[in-house]
Amino acid sequence: MTTEKKTLDILAIKSLLPHRYPLLLVDRVLDWEANKTITAIKNVTVNEEFFQGHFPHKPVMPGVLMIEALAQTAALLSFLSMGVKPDENSVVYFVGIDNARFKRPVEPGDQLKMDVEILRVSRGIWKYKAVGTVDGKVALEAELMCTIRSAQDASQSASQPAGQ
């Protein structure tokens, strides 16, 4: 018995993520399984705007953008697992990043392969184990925690004084 791979092209990804160029950092989903795992890729090219300043003499993808690519992959897994497409009122927020480690630089010409696994979902907080590799070698890894909120709820809680 063969299992069919579930893939997403860029149009399907754009229907699930609100990000757009230059901050859409997932090019293709290679496979996913609801409530479990997802594998996606980011093709890193020298044409990326951030390479103009990071660093002109030795271009490397900023770590914060590698984490963002993993987070976008995690958000895709969450939406696919819930079986919903977010609307303009949906916002995914980081609530924590633990054990982030950068093992090797990601450079123009690399393909960053992102594997994200759901560790748990509790009280609206999703926790993931995320690993990014290039040519089979770990480039970064982290545990990410995110929550999905309506934009209205998020802006109301942001305007509340601390402790309320």
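Ala, Val, Leu, Ile, Met, Phe, Trp, Tyr, Cys and Pro count here as nonpolar, Asp, Glu, Lys and Arg as charged, and the others, Gly among them, as polar. On that basis, the lining of the largest pocket divides into 12 nonpolar, 4 polar and 4 charged residues. The model is predicted.

The lining comprises 20 residues. Leu17, Pro18, His19, Ala75 and Val92 lie nearest the centre of the pocket. Three elements each supply at least two lining residues: helix H1 (10-16), helix H2 and strand S3 (90-102). The volume of this pocket is about 240 Å³. Rolling a probe the size of a water molecule over the atoms shows where empty space is left.

Strand S1 (residues 28-33) runs antiparallel to S2, and 5 bridges join the two. Arginine 28 has isoleucine 41 of S2 as its bridge partner. Glutamate 33 stands opposite threonine 37 in S2. The hairpin of S1 and S2 has 3 residues between the strands. Within this hairpin, asparagine 35 takes a positive phi near 65°.

Strand S4 (residues 111-122) is also antiparallel to S2, and 7 bridges join this pair. Here threonine 39 stands opposite aspartate 115 in S4. A residue is buried when its relative accessible area is under 20%. In S2, 5 of the 7 residues are buried, so the strand is largely enclosed by the rest of the structure.

The annotated site follows. The unreviewed UniProt entry places the feature "active site" at His54. Such annotations may be inferred rather than shown by experiment.

The relative accessibility of histidine 54 is 24%. Partly exposed residues fall between the buried limit of 20% and the exposed limit of 50%. Histidine 54 therefore counts as partly exposed. With residues up to four places away in sequence left out, histidine 54 touches Pro59, Val60, Met61 and Pro62.

Note on methods:
Residues numbered from 1 in each chain as written. Predicted model: local features only at pLDDT ≥ 70, side-chain atom pairs only at ≥ 80, totals over all residues. Heavy atoms only, no water. Buried < 20%, exposed > 50% of the residue type's maximum accessible area, 1.4 Å probe, protein only. Contact = heavy atoms within 4.5 Å. 1 Å grid on protein atoms, 1.4 Å probe; cavity = no way out; pocket = protein on both sides within 12 Å on 5 of 7 lines; lining within 4 Å. Points joined across faces, edges and corners; volume = space filled by probe spheres on them. Helix = DSSP H or I, 4+ residues; strand = E, 2+ residues; numbered from the N terminus. Pairing = 2+ DSSP bridges.
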